[in-house]
Amino acid sequence: MTDRRTFLRRTLLALGGATLAGCDRISESETGTKVLASAEAVTRRVQRFLSPSTALAKEFTEADISPVFKPNGSTMPDTPAYQALLRDGFSGYRLEVDGMVERPTRLSLDELKSLGTRTQITRHDCVEGWSAIGKWTGTPLAALLDHVGPKEGARYVVFHCFDNIEEDTPYYESIDLVEARHPQTLLAYALNGAPLPVANGAPLRLRVERQLGYKHAKYLRRIELVASFAEVGEGNGGYWEDNGYEWYAGI
Ligand SMILES: Nc1nc2c(c(=O)[nH]1)N[C@H]1C(S)=C(S)[C@@H](COP(=O)(O)O)O[C@H]1N2
Ligand SMILES: [Mo]
């Protein structure tokens with residue numbers, strides 16, 4: 001039994017690797033895009049097989065917490081909407097939740113907190129080659145999904161942010177509903193026991209612990225449920241994905 005599983009895992013890994021190795025060559029052709037998309041689907045399935053959708057990312061102890069949690073990307077959104085909220089200490093903040101949901105809503109931070117809360121100490125890995133361990137407190141995204149009721153056919157959760165990462169280009173990200181319902185996927189409002197600092201995404205940011213840093217959208221403005229993210233941004237599921245990064249950024 002163990003041998004068969006090991007064999008199956010190795011085969012799947014090899015298959016995923018082989019498919020991906022051809023990426024550079026095939027991406028130039030028009031069909032390349034489709035092949036690439038399916039290669040990524042293979043990676044995702046292989047990864048889900050190796051670590052099932054319920055597997056937890058490693059959690060650490062208080063002693064492991066990094067003295068400084070390095071801020072990266074946007075660290076002070078300069079949009080008027082964000083600046084106005086910041087001036088009032090985010091008292092006027094409402095998270096918008098809409099798209100393919102039964103009960104679209106706008107929630108204050110207190111209303112969000114009342115849906116449930118969880119604290120976890122995890123390691124954040126950025127593609128730029130640095131990591132940091134932090135203690136995050138937030139509302140499980142699953143609890144919010146239960147509150148709004150995804151409609152039949154909804155497949156992805158899109159996170160729209162307050163910051164323009166380039167002039168007139170807002171940061172955004174997306175994950176699928178499996179990742180969204182994972183117990184460690186949080187809408188975090190605190191870091192290391194204090195309200196989330198502006199540099200790290202105040203007042204609310206995503207934690208999606210089994211994926212790389214750029215998936216963890218900061219400065220959440222609006223959460224939208226969709227059947228496909230083809231119509232959002234440039235259609236690849238996130239700002240960095242529109243610039244060539246992979247949509248599924250499993251660690
Ligand atoms: N809205 C928004 N979210 C973002 C980014 C950003 O520039 N804007 N940068 C991403 C990247 S690349 C990383 S590594 C993390 C950094 O989170 P931190 O600033 O708390 O370290 O946020 C991610 N989420
Ligand atoms: Mo990053």
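Strand E5 (residues 156-166) gives the largest share of the lining of the second largest pocket, three residues. Strands (E, at least two residues) and helices (H or I, at least four) are DSSP runs numbered from the N terminus. The model is predicted: local features need pLDDT of at least 70, side-chain atom pairs count only at pLDDT 80 or more, and totals for chains, interfaces and linings use all residues. Residues are numbered from 1 along each chain as its sequence is written, chains are lettered from A and ligands numbered from 1 in the order in which they are written, and side-chain values use heavy atoms, without hydrogens and water.

The second largest pocket holds about 350 Å³ of space. Its 25 lining residues include Asn72, Gly73, Tyr171, Gly213 and Tyr214, the closest to its centre. A pocket is an open set of points on a 1 Å grid over the protein atoms alone, where a 1.4 Å probe fits, with protein on both sides within 12 Å along at least five of seven lines; lining residues have an atom within 4 Å of a point. The volume is the space filled by probe spheres set on the points, which are joined across faces, edges and corners.

Ligand 1 takes the space of this pocket. To sit there, more than half of a molecule's atoms must lie within 2 Å of the grid points. Around ligand 1 are 22 residues, and the closest are Lys70, Asn72, Ser74, Asp163 and Lys218. The shell counts residues with a heavy atom within 4 Å. E5 again gives the largest share, three residues.

| Residue and atom | Ligand 1 atom | Distance |
|---|---|---|
| Asparagine 72, polar backbone atom | oxygen | 2.8 Å |
| Arginine 205, polar side-chain atom | oxygen | 3.0 Å |
| Histidine 216, backbone N or O atom | nitrogen | 3.0 Å |

Taken alone, ligand 1 exposes 520 Å², and the protein buries 98% of that. Accessible areas come from the Shrake-Rupley method with a 1.4 Å probe.

Now the backbone. Most residues other than glycine have a negative phi, and most peptide bonds are trans. The bond from alanine 202 to proline 203 is cis, with omega near 0 degrees. Proline 203 is in the loop between strand E8 (194-195) and strand E9 (205-207). Phenylalanine 90 is not a glycine, yet has a positive phi of about 65 degrees.

Key: Polar contact = N/O pair within 3.5 Å; in protein donor to acceptor, adjacent residues only side chain to side chain.
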